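Take a look at the sequence and the structure, then read on.

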Amino acid sequence: MNCREFQDWLQQLLDGADAPCPPEATLHAGACAPCRALQSAARHLNVGLKALPPTQASTLLTQSIVAAVLDERRQRVRRVRRRVALTFGLAAAILFLMLVGWFNQAPPIDRNKMAQHPQQPREPEAPQLVKRADAARVAVASLTGRVADQTKEQAKLFMAVANSLDLPPMASLPALKGLEEPLDPAAQSLRQATQTVASGIEPITNSARRAFTFFVREMPVFDLPSRN
Amino acid sequence: MSAEDAMLVRRCLRGDAASVQVLVERFQSDVLGLCIRMLHHRQDAEDVTQEVFLRVFRSLRRWDSTRGHGALKPWIMTIAVNRCRTWMTQRARRPELVEYLHETAANPPHREQGDAAELAREIQAALAELRDDYRLVFTLYHEQGLPYEDIAEAVHKPVGTVKTWLHRARLEVLERLRRRGMVSEVEHELS
């Protein structure tokens, strides 16, 4: 037996093998001092291991552990109950919403009725700008109509007054000589100035007239509200 | 024992507080002993023991009585090993002044116990010097009495690795005992 085999046998001894010491081991231990020391130490180790004091747990520790375990169990049960209640509550709420939705839903569409009464396509709503233009047009028309009515009334009144007067015919009236006579120089210069101004303004007035004509032509025809 | 464990677990799962206390009392010394051996700190060991039992009861439904030998202890010790490792990792990350209370100092043996007690103290000191993996398998084997297969499952290593670690751990402890003069030269000669 060599040192390695001796150590293996020693390990078996420490494992608790109850075999008697073989003669080869005794022989090797007698010859090898380190192995003999190991064998002696192993014997002491066995004795010492049996003499190791057992670990004593205090009663306080036991109570603390039991209390902690029971407390955790109670919390877990409470947590599970809460979770179950929450789950049932959610399920009930979803079911309630589904029932409400099912009772409030629109009646089913009858396709036969749809075929008999096809829906008329709706006209598209007029844009907001067109509505405003229409309103402006009505306002302008009413204003114009009011002025025209007043002018017409005044003309009627004037005609009635004129008809009631006994006036001579226009041909019999004397000619206004003063108007045919040439004006004095001051008056002439004033007339020239007036004509100059008028000729200067004329392009502007022409443009304004054209613009107004264009505006009137482009405006849609509308019915004036009748007064009578 | 396995049938008894299964019955105890069933009663605990039904919410029997007395059974919870029985289970805690049955295994708390083993768990606390392992934690003290691994953490070298009584207060930390008690905290970890409480965590271990909280986890045990949290996952008690997952305990498979048909697995292994059907005993509850290896399963609980596996949880304890995992918690100790996690605790040690966390403690290594936060370097703070921790006053380690070795069991030898905390529970001094009585003088009249003589050489055996002194030997036990030396063994505890030797275990404290071992690296964590060696100390773990040594404690699980020699102090908790778990077989190789259960230790392998607890430390998540093959049985061969566990045997190797235990072999080296023993050699280191034996060497320390010899170095500390616990083995007399006369005895060497006589044996």
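Predicted model: local features only at pLDDT ≥ 70, side-chain atom pairs only at ≥ 80, totals over all residues.

Residues are numbered from 1 along each chain as its sequence is written, and chains are lettered from A, with ligands numbered from 1, in the order in which they are written.

**The two chains**

Chain A has eight helices and zero strands, and chain B has ten helices and zero strands. Helices here are DSSP runs of H or I with at least four residues, strands are runs of E with at least two, and both are numbered from the N terminus. Of the 228 residues of chain A, 9% count as buried, while for the 191 residues of chain B the share is 39%. Buried means that 20 or more other C-beta atoms lie within 10 Å of a residue's own; 12 or fewer makes it exposed, anything in between is partly exposed, and the C-beta atoms are placed from the backbone.

Two residues are in contact if their C-beta atoms, placed from the backbone, lie within 7 Å.

**Helix H2 of chain B and the core**

The largest nonpolar core has 66 residues. Such a core is a set of buried Ala, Val, Leu, Ile, Met, Phe, Trp, Tyr and Cys residues joined through C-beta atoms within 7 Å. Helix H2 of chain B, residues 17-39, supplies the largest share of this core, with eleven residues. B:Cys35, B:Ile76, B:Ala80 and B:Val137 are the residues with the most contacts inside the core. Leaving aside neighbours within four places in sequence, B:Cys35 is in contact with B:Ala45, B:Val48, B:Thr49, B:Ala80 and B:Cys84. As a rule, in soluble globular proteins, nonpolar side chains tend to be buried together.

H2(B) isn't straight, by the way: there is a kink of about 45° centred on B:Phe27. The bend at a residue is the angle between axes fitted to the seven residues ending there and the seven starting there.

**How the helices pack**

| Helix pair | Angle between axes | Axis distance |
|---|---|---|
| H2(B) and H3(B) | about 135° | 8 Å |
| H7(B) and H9(B) | roughly 95° | within 8 Å |

The axes are lines fitted to C-alpha atoms, for helices over the stretch in contact, and angles run from 0 to 180 degrees between N-to-C directions. Angles under 35 degrees count as roughly parallel, over 145 as roughly antiparallel, 65 to 115 as roughly perpendicular and the rest as oblique. H2(B) and H3(B) are therefore oblique to each other, whereas H7(B) and H9(B) are roughly perpendicular.

Among the residues of H2(B) that meet H3(B) are B:Val24, B:Leu32 and B:Cys35, and the H3(B) side includes B:Ala45, B:Val48 and B:Thr49. In the other pair, H7(B) residues including B:Val137 and B:Phe138 meet H9(B) residues including B:Trp165 and B:Leu166.

**Where the chains touch**

Chain B gives 37 residues to the contact between the chains and chain A gives 33. H2(B) gives the most on the chain B side, with ten residues. One residue of H2 to look at is B:Ser29, which touches A:Pro54, A:Thr55, A:Gln56 and A:Ala57. Is B:Ser29 exposed, partly exposed or buried? B:Ser29 counts as partly exposed because there are 15 C-beta neighbours inside 10 Å.

**Two histidines with positive phi**

B:His40 sits in the loop between H2 and H3 of chain B and has a positive phi of about 60° although it is not a glycine. With 19 other C-beta atoms within 10 Å, B:His40 is partly exposed. B:His156 lies in the loop between H8 (148-155) and H9 of chain B; this residue, also not a glycine, has a positive phi of about 60°. B:His156 is exposed, with 11 other C-beta atoms within 10 Å. For background, most residues other than glycine have a negative phi.
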